[in-house]
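User: I'd like to learn how to read the side chains in a protein model. Can we go through some together?

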Amino acid sequence: MTVKMENRSIEEKILLGVTAAAIFILSPFLIKSILEYNKLRILVDLVAVGGISIIFIGVWFTSKVKLFSGLFAIIAHVNILFGIYIVGSDLIFWLFPIIIASFYLLPTVIACVLNGLLISIAGVLTYQHFEHFSLPLIMASFVVTGIFSLIFSIFMQRKNRQLLEKDKINQLRNNILELIASSSKLSKVLSAVVEGIENELPGTMCSISLVDDTGSQLRLAAGPSLPEFYKEAVDVIPIAKGVGSCGEAASLGKRVLVTDIATHPNRAPWAKLAHKAQLVSCWSEPIISHHGTTIGTIAIYFKTLATPTENEFDLVEQFVNLTRIAIERDKADTIIWHQANFDNLTQLPNRHLLHEHLSIAIDNAERDKKQLVIAMLDLDNFKDVNDSLGHAAGDRVLIECASRIKNSIRKNDIVARLGGDEFIIAFVGTTSAEDIDKIGQKLLTTLAQPYVIEHKNFYCTASIGLACYPNDGLTIDALMTNADQAMYLAKTRGRNSIHYFTENMSTDFLKRMELIDDLRTAVEQKQFHLVYQPIVDLHTHRIAKAEALIRWQHPQKGLISPMEFIPIAEEIGLIVEISEWIFTQVSQQVHEWRQRHCADLSISINTSPVQYRNEGKLVKAWADSLLAQGIPYEAISIEITEHLLMDNQVEVVEALETLRQQGITISIDDFGTGYCSFSYLKNFAFDYLKIDQSFVQNMSIDNNDAALCEAIIMMAGKLNMQVIAEGIETEEQKQLLIDAGCTLGQGYLLAKPLSVMDFEQLLIKQNQSGSTT
């Protein structure tokens with residue numbers, strides 16, 4: 001099987017090219033000889049073409065370059081002499097290419113000998129055929145050609161050796177860089193560096209030592225060629241001046257040379273061992289990080305008295321740089337891995353690493369038919385610490401709590417921090433309820449001890465929920481969810497207690513408690529974002545207003561509907577913080593949009609009954625905030641529900657009247673769902689009335705919803721209120737509303753709720769085209 005041309009070596013390609021060219025050049029001479037029927041020339045040319053053809057075929061099928069190169073040179077020498085002898089002196093000029101080619105095809109000494117014989121024999125064979133003066137000139141030209149070919153050959157061989165050395169170094173460097181890039185173990189990379197140095201400096205042995213975590217000593221990291229007894233002796237070397245070559249190099253950050261280990265004072269403690277290991281001279285190179293600190297050393301040992309050359313220094317410096325890259329890459333990988341898998345505050349495993357540990361623990365429990373217990377631990381009243389003493393104090397409590405948990409559990413158990421004041425503990429290999437109760441009670445007792453903060457005792461107990469594998473769940477998520485539910489039940493039953501997961505727990509209750517806790521975390525961590533649904537002029541298709549809608553993207557549970565969390569937020573008082581965040585976001589955003597894209601844009605914000613307590617101080621403060629920021633009052637519109645006005649009419653009306661007098665427009669939302677109570681409409685003038693989507697979505701030409709919508713539109717017109725129809729989803733609904741006199745609409749047909757970026761792009765498009773379509 002032949003080798004493809006692109007896979008052949010450069011030597012093969014050259015020899016194949018030379019032989020092919022020789023065949024091509026000599027073939028016409030053979031043909032001419034045949035045509036002239038010159039038997040002697042036919043014989044000479046046939047031997048030349050045939051021999052070269054055999055060499056070409058041999059190289060093509062065997063790739064034995066050296067063998068066929070030698071044969072080619074010998075055939076050329078013999079054949080030309082044979083030709084001169086048979087044919088005559090006119091073939092003597094073929095000696096020039098043969099002399100030159102010999103120095104490429106043969107070793108230099110052999111080429112010189114053969115060329116000398118060739119020139120001499122050719123002179124003897126032809127001396128009678130040339131004039132007395134011509135033959136010496138020809139011989140001299142052969143000699144000069146040989147000398148120049150020899151010089152050029154030696155020069156090229158030296159250059160080739162240099163290139164090969166560079167290629168070899170580059171290959172070693174590339175191999176090491178590939179190991180570094182592929183995140184190979186540092187020990188493997190360092191061994192490759194040692195091997196590379198020893199290959200480039202024959203007769204040497206090399207070792208690499210790294211600065212340990214204390215920064216006060218070097219630890220041997222690689223030295224495969226050194227005897228074991230010597231490696232044990234230099235495994236730990238203090239970093240200090242006068243302590244060996246490596247200790248001093250690391251201390252000074254400079255190269256240290258030891259010409260004779262036996263007599264050098266720095267090497268005295270290791271002199272006998274060095275003699276036993278046949279190590280005579282050495283030098284140490286410090287490995288300096290890009291920060292300028294020493295991170296290790298490379299030691300090169302010689303078996304004879306030796307002084308390194310500048311080239312050797314330069315060579316080792318290249319390997320020092322590679323070693324530095326490898327060490328720093330390994331440290332960076334370690335830091336990245338630690339940051340990705342451990343909690344920065346408590347240094348406990350985080351959720352990601354916990355998942356890996358639990359996967360292994362579950363597999364082991366299944367294999368060994370043992371029980372695995374997951375405990376969800378949450379600190380009681382931890383929010384009070386943050387609120388009263390600040391987050392720095394809260395962090396100190398969490399750190400102390402993590403330490404107490406680790407000291408209370410067994411060595412094989414796993415503890416991790418999920419976030420906030422929640423911890424997970426996996427009791428590995430637990431086989432009895434008594435064991436679980438014993439450890440659980442120890443945890444409760446330990447965590448109930450006072451935390452000393454600012455010289456004061458602060459108490460923060462814990463609630464623990466337990467779930468067991470495989471009875472309470474077969475997966476990690478199932479176990480953690482059930483342990484979480486059990487923990488919330490422990491909280492509701494007085495806190496500072498342990499509760500096991502049971503199937504008859506009230507799922508709705510647990511979900512509600514879980515949602516409350518998640519909602520508190522969401523407020524703290526700002527897990528909310530806003531979307532904006534355009535309110536469009538049904539005739540011109542231009543954006544007249546927009547409604548700001550809050551969305552909660554839970555880190556684990558995904559998108560949670562406002563219908564689910566807003567009522568709970570109102571009940572527990574978090575709606576105030578949420579509404580303040582919404583107002584801040586909307587006021588800043590609408591101010592920017594009015595300046596850049598739409599000068600008359602107004603954004604609606606939904607409000608809650610909680611905000612109208614105490615004479616509506618919370619919503620009244622919004623007007624003061626707009627004034628302070630230099631934002632026009634008309635940029636913000638407040639939406640209230642029909643139910644809100646019915647339940648708190650006097651208090652709400654007074655607050656809204658104040659806002660409306662300052663220029664903030666008021667919309668009444670979900671109109672038509674409040675038991676058709678219209679009495680408040682005559683007592684208070686709204687700016688906008690929003691028809692509830694339940695009427696709009698059921699509209700058709702021949703039903704009552706269309707008639708009701710038309711009646712509402714007419715009534716609003718009489719009361720000087722603009723109407724906004726919600727929930728427009730079809731062209732039919734839109735047309736019916738236009739026919740009924742409605743001017744503003746909102747719904748998926750016109751535009752879905754959009755992110756900040758998408759809504760802004762819609763405004764830009766409107767400015768460019770004159771409409772939203």
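User: Is Phe759 buried or exposed?

Analyst: This is a predicted model, where local features need pLDDT of at least 70, side-chain atom pairs count only at pLDDT 80 or more, and totals for chains, interfaces and linings use all residues. Residues are numbered from 1 along each chain as its sequence is written, and side-chain values use heavy atoms, with hydrogens and water left out. Buried means under 20% relative accessible area, exposed over 50%, and partly exposed in between (1.4 Å probe, protein chains only). Phe759 has 0%, so Phe759 is buried.

User: Which kind of ring pair do Trp593 and Phe759 make?

Analyst: Rings of Phe, Tyr and Trp (its six-membered ring) pair if their centres lie within 6.5 Å; planes under 30 degrees apart are stacked, over 60 edge-to-face, the rest tilted. Trp593 is buried too, at 0% relative accessibility. Its ring and that of Phe759 have centres 4.8 Å apart and planes at 50°, so this pair is tilted.

User: Which residues do ring pairs link into a cluster?

Analyst: That's Phe528, Trp552, Phe565 and Trp581.

User: What does a charge over a ring look like, say for Arg255 and Phe313?

Analyst: The rule wants NZ of Lys or CZ of Arg within 6 Å of the ring centre and within 35 degrees of the ring normal. Arg255 has its charged end over the ring of Phe313, 3.9 Å from the centre. Lys276 does likewise with Phe229, at 4.5 Å from the ring centre.
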